[in-house]
Amino acid sequence: MNEPVNFLKMMQDSSALFGGNNVFIEGLYEDFLGDPASVPREWREYFERVIAGGKLPDVRHSLIQRSFAAMPPAGSAVAQSAMQTDDARKQASVLQLINAHRFLGVRVADLDPLARHTKPQIAELNPAYYNLGEADMDTAFNTGSLVGGARMTLREIVQRLRRIYCGSVGAEYMYISDIAQKRWIQARLEGERGESQYSTEMKKRILERLTAAEGLERYLHTKYVGQKRFSLEGGETLIPLLHHLLQRAGEQGVKETVIGMAHRGRLNVLINTLGKLPQKLFSEFEGFHAEHLTSGDVKYHQGFSSDILTPGGHMHVTLAFNPSHLEIVNPVVEGAVRARQHRRKDHHGKQVLPVLLHGDAAFSGQGVNQETFNLSQTRGYRTGGTVHIVINNQIGFTTSDARDTRSSLYCTDVAKMVDAPIFHVNADDPEAVLLITELALDFRMQFGKDVVIDMVCFRKLGHNEQDEPLVTQPFMYRYINQHPGTRALYGKRLVEQGVLAANGPEAMVAEYRRAMDEGRDPLQQAQRDVTPEFGVNWTRFKADVHWNVTTETGVPRERLQSLAARLTDVPANFKLHSRVEKIVADRVAMGKGEIPLDWGMAENLAYASLLTEGYPVRLSGEDCERGTFFHRHAVMHDQNRTQWDKGAHIPLQNLAPDQADFVVINSILSEEALLGFEYGYATAEPDTLTIWEAQFGDFANGAQVVIDQFITSGEAKWGRLCGLTMLLPHGYEGQGPEHSSGRIERYLQLCADYNIQVCVPSNSAQIFHLLRRQMLRPTRKPLVVFTPKSLLRSKDASSPLEDLAQGRFQSVIPEIDDLPPNKVRRIIACSGKVYYDLLKARRERGITDMVIIRLEQLYPFPHEDFAAQIAAYPKATEVVWCQEEPGNQGAWHRIQHYLLRQMRKSMRLDYALRPSSASPAAGYLAVHNEQQKAVVDAAFRPDLDVKNKPGVKHHAD
């Protein structure tokens, strides 16, 4: 077997500048010097920077080589010219050396507090690589774009570069495509503001917070021995970092900050950053729990919010609730921030700041980070930039060998996909950490982009307090066990500087311990009894309201017609596609009541009515503007447009001058981050109808973590209410296993405690009333809607205008044909598209003793409405549940006990469905058609004891 390629070693042995590619790059450089236009734009810009934008012209090296070959005797005029050429070469080399440090200084920076590994030898960082020797060290050279002086000696230049780029900070930013952003970072790093000049009082505050961080962990470690808390020890600098970040953000006008983080250090942030009272935390360690939560959650998943005082006034700080699934809270935070920004009309993200804390292995390992980065600059999801903080303890769970944790050089490399600058910093240098925190926040506020602080530290204990790390990391933990701790190192430093007396650091430790013993806020961080200016009152949704509270959702006919006119009002000289033109013409007729309303028109009218009643609507998903199935057309496009970004018309944004905001956005091609984002948005904005639509219902599988960990369980675990609506196209149309089933069974399995609503509306009036009910009812519960595909334009599923003008959502729709109740022997119950197949077959076969009722809401189950249908047919002895899905899927297993509960004792329950299958649907159209016919036949079979199995020959039991 061939030896496996070590990609990390390849990267370490190569260079962005020269390395093994030097012949190729030198050739390009030669071409550039001869004719700049002859090389690609990227290389031309790079070479221009190398020679300081052309201010110090270089010459072709081939010419220099030839001139050396024909070098005349010393002292001649020609020799003087050769000396000038050599000076020019050296000047260019100095500029190359400067640029090399900007690119590669990070590789030899002093970043690891444990100093376990020998630093790599990077040839391009050595003056000798450019034929610059000791004899040149005291020669003055032009510094080009290096900040700090137009001319310096080579010795001064080297010292300056090593201090800036090879010290406690390793900066990565030269890959950024925006020149202005690069120059901004360069000026900050290389200028006076790139050096820490903190006052005595500031240094004391840094040590105070380091003491608090360490003190809390040691207090808990001794008081609650062996209990899990996911200690911050080894990364205590996070606490002064966060404090400084929040204070500086407040000074710049930030009014709200939302923080997302996993377990490590969470309790420390709660106490020492957000000001949660230690006594409350101690109570949780001692078994106290909130009685109103049906399940609750462990303490290191809990969220919290408080108000802190900053130089800019009060700032509301929220720590988001999160589950154990790593990094999944990140898009949730982004959505919550976007909702807050919308509420404040903070269109550029200057007032609400997202801050995300990551573990090093999770940052590179969890795909949701890539998805979330991809959202960061898109129209519907950007939040003005996020400050990312990596608590880089250089170990994932039990794996500290970088060869096993990722395929990139740094765990932060994923951030380069959006040109985010990355600042690696040694956590044992708290002042450098704070300096980089200032730079990172200022960059975000200046450019509205994500930025990453990679705080390199270590993990003193195991993954949790019951773990023994020496078992798997004996080498690493020999260094950790010898490390005195960041607080001790920084305290010693301040004593040596005369900032503190010899006993000053230990006096701080004793004072923090006293605060812990008294259960009070040791840092007086939180401001009590502050009412946030833009807070949301959720108590109006927390009353004990029954899920089926009567809610009238009809809209007067005249108003519907007025809204329909606005929806179909196309601007002058706006050329619609011929197919869309026909749809709009039909909608005009629908608005006049001349023809029944199809699904798309009813849905748009639901949005229009809510918008003009003051409820904003936010709709996102893949292809949701048009609708995957060409039915919605919330955005119309001028076929004669002459600019790619002009010529769109959104009727729902042009209903009335005082209407609420309507946002519809085609999302990026992902599900997990998108659904997490919309969940976060809905938890922060209860008065907005927030909708996420899957392209096909099956595609929600990619977001299952969000569904399991947040949407269906967030209220039971954390008391978080949420009115998010999910639209999942569902129905067996012969399109194969991945385009048929929205997996109804998965959602029903997650139903309990009245946590969510699962509905399968079968006509356009039902979706109209269902969407309106979601906002008008005095409750907020997630709504999962299995929407149709073929029924979107079906006349059978259309509704007259009168059905929208009156009534409400029907959880159960009774039989629609006039059949004699006393002759009915069988009640067939079903949901969704199969109803129309059943209705057609019954009419064709002339069956009059079997009625068909539709269960439009599967959970919470409408017991009273279903019982009324049973009572309406006193002679019926059979109930058959009919579904398109296989027996091990769909609603059958979850719903049968609900059906039995309301049936008379003399009645028999049976089913008609596809046989159990490992796949959601058949992939062959012929098989699908055969199975679909067999399902319908089974529902109408004369004798329930005859068990035909639809499509059984295609499935092995």
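The model is predicted.

| Helix pair | Residues | Crossing angle | Axis separation |
|---|---|---|---|
| α21 and α22 | 578-591 and 599-611 | about 65 degrees | 10 Å apart |
| α14 and α23 | 367-375 and 672-684 | roughly 65 degrees | within 8 Å |

Helix α21 packs against helix α22 at an angle of about 65 degrees. Angles of 65 to 115 degrees count as roughly perpendicular, and α21 is therefore placed roughly perpendicular to α22. The crossing of α21 over α22 is right-handed. On the α21 side the contact is formed by Arg587, Met590 and Gly591, while α22 contributes Gly600, Met601 and Asn604. Sorted by class, the residues of this contact are two nonpolar, three polar and one charged.

The axes of α14 and α23 cross at roughly 65 degrees, which means that α14 is likewise described as roughly perpendicular to α23. This crossing, too, is right-handed. Helix α14 supplies Val368, Glu371, Thr372 and Leu375 to the contact, and helix α23 supplies Glu672, Ala673, Leu674 and Phe677. The contact of α14 with α23 comprises five nonpolar, one polar and two charged residues.

The largest cavity holds about 100 Å³ of space. Its lining consists of His730, Ile744, Val760, Ser831, Val834, Leu858, Trp881, Cys882, Gln883, Glu884, Glu885 and Ala891. Strand β23, which spans residues 878-886, gives the most to this lining, with five residues. By class, the lining of the largest cavity divides into seven nonpolar, three polar and two charged residues.

**Backbone features**

Most residues other than glycine have a negative phi, and most peptide bonds are trans. The peptide bond from Tyr859 to Pro860 is cis, and its omega lies near -10 degrees. Pro860 belongs to the loop between β22 (857-859) and α30 (863-871). Asn131 is located in the loop that lies between α5 (77-104) and β1 (140-142).

Definitions and conventions: Residues are numbered from 1 along each chain as its sequence is written. This is a predicted model: local features need pLDDT of at least 70, side-chain atom pairs count only at pLDDT 80 or more; totals for chains, interfaces and linings use all residues. Side-chain values use heavy atoms; hydrogens and water are left out. Axes are lines fitted to C-alpha atoms, for helices over the stretch in contact, and angles run from 0 to 180 degrees between N-to-C directions. Helices (H or I, at least four residues) and strands (E, at least two) are DSSP runs, numbered from the N terminus. Angles under 35 degrees count as roughly parallel, over 145 as roughly antiparallel, 65 to 115 as roughly perpendicular and the rest as oblique. A crossing is left-handed if the near helix is turned anticlockwise from the far one by less than a right angle, and right-handed if clockwise. Contact means heavy atoms within 4.5 Å. Ala, Val, Leu, Ile, Met, Phe, Trp, Tyr, Cys and Pro count as nonpolar, Asp, Glu, Lys and Arg as charged, and the others, Gly among them, as polar. On a 1 Å grid over the protein atoms alone, a cavity is a set of points where a 1.4 Å probe fits but cannot get out, and a pocket is an open set with protein on both sides within 12 Å along at least five of seven lines; lining residues have an atom within 4 Å of a point. Grid points are joined across faces, edges and corners, and a volume is the space filled by probe spheres set on the points.
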